[in-house]
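Please read the following report with the sequence and the model side by side.

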Amino acid sequence: MKWSINQKKAIDALGRNVVVSASAGAGKTAVLTERLTKRVAIDHVPVTSILAMTFTEAAAAEMKDKIYIYKKMK
């Protein structure tokens with residue numbers, strides 16, 4: 001996926017919390033999923049130490065599924 005400059009900044013930010021706020025369909029779930037996946041896979045952050053909040057159960061399920069799939073591939 002091609003990320004915008006602001007999306008890339010949110011994905012790559014280290015050592016701080018990040019709030020991703022945008023309109024519906026802007027890619028928030030994709031950005032958060034990419035960010036969390038990188039933290040777990042590259043930076044070895046334990047999944048149990050991550051708090052990710054979304055507005056829908058569907059978005060939360062999507063993030064969990066993608067992170068789980070990514071972890072299994074690595």
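In which loop does Ala-26 lie? In this predicted model, Ala-26 is found in the loop between helix 1 (5-12) and helix 2. Its relative accessibility is 35%, and Ala-26 therefore counts as partly exposed, since the buried class is kept for values under 20% and the exposed class for values over 50%. From Ala-26 to Val-40 there are 14 residues along the chain, and the C-alpha atoms of these two residues are separated by 24 Å.

**Helix 2**

Thr-37 lies in helix 2, and because its relative accessibility is 8%, Thr-37 counts as buried. When residues within four places in sequence are left aside, Thr-37 is in contact with Ile-42, Ile-67 and Tyr-70. Not counting residues up to four places away in sequence, Lys-38 touches Lys-8, Ile-11, Asp-12 and Asp-43.

| Pocket | Volume | Lining residues | Classes in the lining |
|---|---|---|---|
| Largest pocket | about 780 Å³ | 27 residues | 16 nonpolar, seven polar and four charged residues |
| Second largest pocket | about 250 Å³ | 12 residues | 10 nonpolar, no polar and two charged residues |

In the largest pocket, the lining residues that lie nearest the centre are Val-18, Leu-32, Leu-51, Ala-52 and Met-53. The elements that give two or more residues to this lining are helix 2 and helix 3 (57-73), and helix 2 gives the most, with six residues.

The second largest pocket has a volume of about 250 Å³, and the lining residues closest to its centre are Leu-36, Val-47, Ala-52, Lys-64 and Ile-67. Helix 2 and helix 3 each supply at least two residues of the lining of the second largest pocket, but here helix 3 gives the most, with six residues.

**The whole chain**

How many helices and strands does the secondary structure come to? The protein has three helices and zero strands, and from the N terminus on its elements run α-α-α. Along its principal axes the C-alpha trace spans about 30 × 25 × 25 Å. With 74 residues, a compact globule would have a radius of gyration near 11 Å, and because the protein has 12 Å, its value agrees with that expectation.

Buried residues make up 22% of the 74 residues in the protein. Among contacts between residues at least 6 apart in sequence, 54% join residues at least 24 apart.

Conventions: Residues numbered from 1 in each chain as written. Predicted model: local features only at pLDDT ≥ 70, side-chain atom pairs only at ≥ 80, totals over all residues. Heavy atoms only, no water. Contact = heavy atoms within 4.5 Å. Helix = DSSP H or I, 4+ residues; strand = E, 2+ residues; numbered from the N terminus. Buried < 20%, exposed > 50% of the residue type's maximum accessible area, 1.4 Å probe, protein only. 1 Å grid on protein atoms, 1.4 Å probe; cavity = no way out; pocket = protein on both sides within 12 Å on 5 of 7 lines; lining within 4 Å. Points joined across faces, edges and corners; volume = space filled by probe spheres on them. Nonpolar A, V, L, I, M, F, W, Y, C, P; charged D, E, K, R; others polar. Rg over C-alpha atoms; globule rule 2.2 N^0.38 Å.
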